[in-house]
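Hi everyone, thanks for coming.

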Amino acid sequence: MKVKTYLKASSIDEAYQVLQESTENAILGGGAWMKLSTKKVNTLISLDELDLKGIEEQDGFIRIKSMTTLREIETSPLIQAIGGGVITNSLSQIMGVTIRNIATIGGSIVSKFGFSDLIPVLLVLDTKLVFHKHGEISLKAYLESKIVGRDILVEVLIKKCDSLVFFKKVKTTALDFAILNICVGKTQEGFKIAVGSRPGLAELAIQSMNYLNGCHTVGEEEIAKAALMVVEEIHFSSNQRAQKEYREQLAEVYVRRGLKEVLSI
Amino acid sequence: MKTINQSFPSVDGKGIMMGRVAFTDDYALQNSLIVKILRSPHPYAKIKNIDASKALALYGVECVLTHKDFPRIPFTRAGQGYPEPSPHDKFILDEYVRYIGDEVAVVAAVSNDICEEALSLIEVEYEVLEPVLNFETALDSKNILHPEPEIHEMFPIGFDPKRNLAASYHMHIGDVEKSLKECDVVVEQSFFTQAQQHTALEPHTVNAQMDYQDRLVLYSSTQTPFHVRRILSQTLGIPLSKIRVIKPRVGGGFGGKQALHGEMFVSYITYKTKKPSKIVFTRKEVFESSYTRHPMRLDIKLGADKDGTLKAIDCYVLSDTGAYGEHALTVFMVAGSKVLPLYNKVDSVRFHGHVVYTNHTPAGAFRGYGAIQGNYALESAVDMLCHKLHMDPIEFRQKNMMKENETSPIFAIMGEGTEGTAMNMESCKLDYCVSRGKELIGWDSIYPHKNVSKEKIRSVGMAIAMQGSGIPYIDMGSAIIKLNDDGFYNLLIGATDIGQGSDTILAQIAAEELMTSLDKVIVYSSDTDLTPFDTGAYASSTTFISGNAVLKAARKMKGLLIEEAAKVLKCEEADINFDGFNFKNKKNESEINLSQLSNRLTYNEDQKQLVADSSYVGHKSPPPFMAGFIEILIDRETGEIEIENYVSVVDCGTPLNPKLAQGQVEGGVVQGIGMALYENVVITSKGKNITSDFLNYKVPTRMEIKKLVTEFAESYESSGPFGAKSVGEIGIDTPPAALANAIENALGVRMTDLPMTPEKIMRALKAKEKRQ
Amino acid sequence: MKINLLINGLYRSVEVEPGEYLLDTLRKINMISVRRGCDNTSCGVCTVLIEGKPVPSCSYLSVRADGKSILTVEGIAEEAEKISSYFGEEGAEQCGFCNPSIALTVYALKKEIKNPTDEQVDKYLVSNLCRCTGYISQKKAIKNYLGDKS
């Protein structure tokens, strides 16, 4: 990687200032995906000296500091208790342990990669992000807008969830990007369905969710209908990994299976 | 047998695990010039102008080479015996570039960064030409890849570049069209196999230096050091005696290193500048600019009588050799010669086809070498035929397949580029392999399938395969055994250990014959100065060819030792009893041991250095055989497949080192599974490779491989060393057909192109449902 | 810029560029057991242990490793030799290119997870590719090694 200067920021304010100075300056997250970009960096800003690691519980939320590695998160008992272990399930399917030892939750979110295995899960759970300048914003709002400028993600807040949340990553081999990601759960907010790697960035299937939340009871018939609705409302497309039609087939199957599992039908 | 048929750990395993200097780049001199290649962004173009002046002006750039720097001597990069059965259709650098990734110019500079920068400063003006990107329309296309007048074949191989033809072949036995007309049941199907890549974990690399005798010394990650030396000499005009090629440990080859990669450039640069130089391919270069497996279309027709007797096989192959013709003819011929004899009792057989040029990454050698493509097509078609006949696929095979002491007329007709060699199957335990494999997979309790749940189906499928053991009358291996003081031996062999363990098993052969322990045989291999000739690691030749050479050399050494012992103990040679360490005069019980004898011969009396050498050329190529069985769980709603078990029962004669032989089979099986299910070189309609890293080219990981069961049949091939046949390739051949057959058994759909992805399976299933 | 790398218990002072990766730095100073296979974290042969955790050195900036303890296979020689004997028994040492990185990862696994299940072992090692063995012999060898409580 072409880097002109390496700066170990001594405060988050300093890091933020230097980041604003040039669009060629960048924050060093985990560095896991650095090799994918051949771009030149003027000043690479390291947050390693700042206290941005840790997982704790507060007011019904699990608070994860942004430089916590994916491996630290997946092995945390606090995290394993959420949604029947859904976050651990998702994270443990991302590449291998070596990469998860350096990839950070901050980097995994701000990169907004369509193939992200984590984002669909965080969408289903109630997740908020805390940026240094912007402050708090829901993950959903962050993904859908460009309202947060060049900022530094400081913390990720995930609402605790006691019910089982279903996650399926459809992939070729264990080390592959997802062909499709499906996350389904019934949280305190009601039914949540997220589809990722469409191949586009993960989205919530709002209409399908509203339908289920409006149902008096949810049985096989309602589940089948909801799954078809997801295919209707979510936009899928084709890429080298799969054609649109196949993604639609997979979405229908796994939303259906996910809802059944979550409702123990 | 004390050493043979024993699973010794490989002689180099510990040293490599401990991180010792072992692989090619470990030997590069610190101050080596870094060599990098400017590669074509166009699938087909003519270089109108190259201006390297800005690159040359950069500090630290030693030289920039273009096609203007080399005389127009066409050659082939293929590592094969001379004269090669591959066309001489490549120039060191040419004014035409023929695939995205082809070589345009070469830079040598003092560091990686400077070299990269120099590459970006070379200005090239291209005349973009219309590429040939569809191998099915390449033959007689108006766009010709190779208009050069200088290129040629070394002997007739059907080379006709005006037609975009790198090679072609035709053979027939009987009248296949007539036979088919008379058959009760005929099956006709085309099968497509994809470009697959070796992905050896060590990228291609080579470094060169001038030694103190002013000779060019190369360390190369290669499967064919002797062929490399010859090709460099012939093409660069450097006397053969001035070149030394050393192959250190190699981090995997599988055929991908059975051709030149960077050797030509570092040799030229070092020979010219006298400075050491090196090239290390990036993974992207390995994917885009080394070699792939030949993608093929195989048109199969099978005809049988309703009693299940196979009567006729017709096989046409269209093979895509990419931009250059390395291994073009031979891979294509093996698709027939090492597959069709499996059903040796047919009335008629026809095998023919064309190997065409396209503007794709060149295809080349890859384990299986045509046999895996041919096997996929034939063994799939056989199951289709069984379906039509309402006959059990195992019963059908047992009725029609090759048996011990039988032969096939194909052996005499089809060699590798030339005529073949007739041979009887002195050892063929295929029937045992089939029945034992059937037992091990639990065939009867699953075939054709069992519903496990609403979602999942369990099914089984199988295929049989054969390969070869070297190329008769062409492949030569040799060995030298030297006795040291204190009574241990050096075994010097040309044979090329690329991780398959040939150093180890060849030492085992020597140790067995010399009746000594394995640690008393020190192996040194693959150095064109210090070791005798060997064609190299390909065509499954090492165990059989190099092994026989070692055996003969060991016998010779034994003879020399007994001769000397007889002189010392003052008796006739026939009176000497030798147990590997002690020599005893049977007549008067006087003794001398090996340690004493060797010290005496080195220092004390009648001093001489005992050296025994021998060579071996095969007069036949006894095939190893295998039956492969797969058990899968398939999701009927998504097509996703889990591989539950793969059973391999192999006849390779005596497995010289059972664990290493098992490793060869299982490594091959998993590569075959990769080709069947996961791996695919994807080239866009513009000729760009978009699977040029491990993130996009998916090889099997340890999560996909849950269970492999591998057994060896009791078999003995008397022409092989201690009864052994080769085993390096046989493992890879069966998985695609076995899996296709299992999918048919599960869902009733026939998958006819590789890889058989879940998406394709669902498409086939939906199409079937529509028809019904 | 100058950094101090604590490699296998010994400090080495090295001059590096800010954008230089640890793999290149290590090979530059002759730690050749750390190998290059793919350049983008997807093959495993560049694995080293940084503060006991396996990381891909091809994507780890050397400046970040300043002052941290690094283990290459030479630093776990006794265990690597033991692992090698288990591998040798199963014929799992073929080309060997992946072996040092696997030894390091297995060593880290042993320290991190007590009595791992077969699935946990496979998942921990999933990004250590092997193209030679077909994995099963490696799995047997690793299982035997981890089961050796001596």
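Let's start with a pair of helices: at roughly what angle do the axes of helix 17 and helix 18 of chain B cross? Helix 17 covers residues 658-678 of chain B and helix 18 covers residues 735-747, and their axes cross at roughly 55°, coming within 8 Å. So helix 17 of chain B counts as oblique to helix 18 of chain B. As for the hand, the crossing of these two helices of chain B is right-handed. Before I go on, please keep in mind that this is a predicted model.

Who makes that contact? From helix 17 of chain B we have Val669(B), Gly672(B), Ile673(B), Met675(B), Ala676(B) and Leu677(B). Helix 18 of chain B answers with Pro735(B), Pro736(B) and Leu739(B). Sorted by class, the contact between helix 17 and helix 18 of chain B has eight nonpolar residues, one polar and no charged ones.

Okay, staying in chain B, let's look at a sheet. It's an open one with seven strands and mixed pairing, and the order is 3-5-1-12-9-10-11. Strand 3 (61-65) and strand 11 (243-246) of chain B are the edge strands, each pairing on one side only. On average, neighbouring strands of this sheet are turned by 20° against each other, if you ignore direction.

Now pick out strand 1, residues 33-39, and strand 12, residues 277-280, of chain B: they run parallel and are joined by two bridges. Which residue of strand 12 of chain B is the bridge partner of Leu33(B)? That's Ser277(B).

Helix 5 of chain B, residues 225-236, touches strand 10 (216-220) and strand 11 of chain B, and its direction makes about 150° with that of strand 11. Helix 6 of chain B, residues 263-273, touches strands 1, 3, 5, 9, 10 and 12 of chain B. The direction of helix 6 makes about 20° with that of strand 9 (205-210) of chain B.

Next, let's see how the chains meet. Between chain C and chain B, the contact takes 43 residues from chain C and 45 residues from chain B. On the chain C side, helix 2 (77-90), helix 3 (99-112) and helix 5 (136-147) each supply at least two residues. Helix 2 of chain C has the largest share, with nine residues. That side of chain C divides into 20 nonpolar, 14 polar and nine charged residues.

Chain C also touches chain A: 21 residues of chain C are in contact with 23 residues of chain A. Here strand 4 (53-56) and helix 4 (118-124) of chain C each supply at least two residues to the chain C side. Strand 4 of chain C gives the most, with four residues. By class, this side of chain C has nine nonpolar, eight polar and four charged residues.

Last stop, chain A. It's divided into domain 1 (2-46), domain 2 (55-159) and domain 3 (165-262). The centres of domain 2 and domain 3 of chain A, taken over C-alpha atoms, are 20 Å apart. Their contact takes 22 residues from domain 2 and 22 residues from domain 3 of chain A. And which helix gives the largest share of the domain 2 side in chain A? Helix 7 of chain A does, with five residues. That domain 2 side divides into ten nonpolar, eight polar and four charged residues.

Note on methods:
Residues are numbered from 1 along each chain as its sequence is written. Chains are lettered from A and ligands numbered from 1 in the order in which they are written. This is a predicted model: local features need pLDDT of at least 70, side-chain atom pairs count only at pLDDT 80 or more; totals for chains, interfaces and linings use all residues. Domain bounds come from an automatic or database domain assignment. Two residues are in contact if their C-beta atoms, placed from the backbone, lie within 7 Å. Ala, Val, Leu, Ile, Met, Phe, Trp, Tyr, Cys and Pro count as nonpolar, Asp, Glu, Lys and Arg as charged, and the others, Gly among them, as polar. Two strands pair if DSSP finds at least two bridges between them. Axes are lines fitted to C-alpha atoms, for helices over the stretch in contact, and angles run from 0 to 180 degrees between N-to-C directions. Angles under 35 degrees count as roughly parallel, over 145 as roughly antiparallel, 65 to 115 as roughly perpendicular and the rest as oblique. A crossing is left-handed if the near helix is turned anticlockwise from the far one by less than a right angle, and right-handed if clockwise.
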